Amino acid sequence: MGAVIPTPFYMNKGLRELPAQMGIDNDEKIEGLKELTGLLHKTDTKAIAHLNHPGRMVNPIIPGNYFISATDKPCENGGTIPNRMTQKDIKAVIRLFSESAVRVQKAGFDILELQFGHGYLVAQFLSPFVNDREDEYGGGFEQSVRFPLEILSAVKAAVNLPVIIRISGDEMIPNGIILPEMEEFARLLEKAGAAAIHVSAGTVCSAPPWFFQHMFVPKGKSWAMARQVKRRIKIPVIAVAVVGDSVNSEISATSGRAPYFLVFNENGDFLKVLKNPALSLEHRASTVIINLLL
Ligand SMILES: Cc1cc2nc3c(=O)[nH]c(=O)nc-3n(C[C@H](O)[C@H](O)[C@H](O)COP(=O)(O)O)c2cc1C
């Protein structure tokens with residue numbers, strides 16, 4: 001297979017989304033994770049570690065979890081009031097990312113992915129809807145990209161791995177993250193050494209159907225966003241979304257330029273890698289296609 005991204009790692013025990021989530025919060029986890037990457041490597045599969053800081057989106061029912069954010073507004077879906085991060089907190093989170101990245105490398109992962117989208121902590125800084133700060137980390141585009149760029153720079157300095165950045169092309173909410181700004185952000189990420197940009201949509205707090213790519217959301221939107229982002233940068237862009245039978249012209253237009261597809265069936269079982277594929281009827285029947293654009 002090409003590559004596998006296991007579910008996100010928590011970077012501190014108090015930052016869990018799920019009780020059974022895998023963690024990378026201390027060095028004792030490295031041995032176990034080496035087993036995981038070893039198994040993937042045995043089948044010639046690259047291992048990608050996904051690091052996520054949920055910020056105000058940590059799970060309130062897990063005892064000991066703590067809530068911090070760019071703001072002190074709780075998630076609109078309900079949730080706990082977060083502590084507005086101080087500059088000291090910002091530095092501590094940057095350190096959390098870089099220390100976790102070092103463990104990712106020690107555990108034998110080939111690639112690192114940082115979650116900068118989907119309404120989690122970094123997106124809480126990027127989103128004009130959420131970020132109401134008046135210091136140098138809020139108040140406009142230039143200020144709100146400061147935190148993510150500092151994280152990327154610290155991670156790049158700490159490890160020697162390709163770093164994919166996951167973004168929401170559009171949060172699909174009024175005054176949320178919008179595509180033209182994310183195109184510009186992608187350019188800055190490329191300049192800062194990102195290896196690829198992974199484009200999704202929505203926020204788990206305010207637009208969960210887009211985050212989950214619910215069957216009722218229009219198909220092809222996140223593919224179109226990925227294509228727009230790709231126009232601005234040279235590094236690969238990864239698009240992902242349910243396809244099913246409803247392959248529309250947008251998806252076809254995007255997929256025409258893709259050098260690779262990973263094709264899965266409706267149960268999520270991996271079927272095959274296609275190189276330079278033309279989207280045939282057979283592929284349309286597959287539910288999920290991950291598309292690497294070059
Ligand atoms: C149950 C569920 C959990 C998800 N968890 C994550 C996650 O932890 N990190 C992430 O980047 N995306 C997550 N996503 C978003 C997906 O990766 C993806 O952007 C979106 O679902 C579109 O892909 P699909 O059509 O293949 O589902 C999740 C989606 C679902 C449905």
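The buried residues of helix 5 are covered by elements that include helix 2 (87-106), strand 5 (111-115), helix 3 (121-126), strand 6 (163-168) and helix 6 (179-191). Helices (H or I, at least four residues) and strands (E, at least two) are DSSP runs, numbered from the N terminus. The structure is a predicted model, in which local features need pLDDT of at least 70 and side-chain atom pairs count only at pLDDT 80 or more, while totals for chains, interfaces and linings use all residues. Residues are numbered from 1 along each chain as its sequence is written.

Helix 5 itself comprises 13 residues, 146-158. From first C-alpha to last it reaches 18 Å, close to the 18 Å expected at 1.5 Å a residue, the expected span being 1.5 Å times one less than the number of residues. Its buried residues are F147, P148, I151, L152 and V155; a residue is buried if 20 or more other C-beta atoms lie within 10 Å of its own, exposed if 12 or fewer, and partly exposed in between, with C-beta atoms placed from the backbone. These residues lie on the same side of helix 5 because they cover an arc of only 135° around the axis, the arc being that of the directions from the helix axis to the C-beta atoms. An α-helix has 3.6 residues a turn, so residues three or four places apart point the same way.

The chain as a whole contains 10 helices and 11 strands, and 41% of its 294 residues are buried. Contacts require C-beta atoms, placed from the backbone, to lie within 7 Å. Among contacts between residues at least 6 apart in sequence, 69% join residues at least 24 apart.

The largest nonpolar core has 69 residues, of which L112, V122, V163, I165, I197 and V199 touch the most other members. Such a core is a set of buried Ala, Val, Leu, Ile, Met, Phe, Trp, Tyr and Cys residues joined through C-beta atoms within 7 Å. Not counting residues up to four places away in sequence, L112 touches A49, L51, A101, V104, V159, L161 and V163.

Strand 7 pairs with strand 6 in the parallel sense over 5 bridges, pairing being assigned if DSSP finds at least two bridges between two strands. S168 stands opposite S200 of strand 7.

L15, between strand 1 (3-4) and helix 1, counts as buried because it has 27 C-beta neighbours inside 10 Å. Leaving aside neighbours within four places in sequence, L15 is in contact with Y10, H53, P54, V58 and N65. Its C-alpha atom is separated by 9.1 Å from that of I62, 47 residues apart along the chain.

D44, in the loop between helix 1 (29-42) and strand 2 (46-51), has a positive phi of about 65° although it is not a glycine. D44 counts as exposed, with 8 C-beta neighbours inside 10 Å. N175, in the loop between strand 6 and helix 6, likewise has a positive phi of about 65° and is not a glycine. N175 is exposed, with 10 other C-beta atoms within 10 Å.

Confidence is expressed as pLDDT, the predictor's confidence in each residue from 0 to 100. The chain averages 87, and 81% of the residues score at least 70. Over residues 284-291 the pLDDT is below 50, although this stretch has 33 contacts in the model beyond near neighbours in sequence. Where pLDDT is low, the predicted coordinates should not be read in detail.

Terms used. Two residues are in contact if their C-beta atoms, placed from the backbone, lie within 7 Å.
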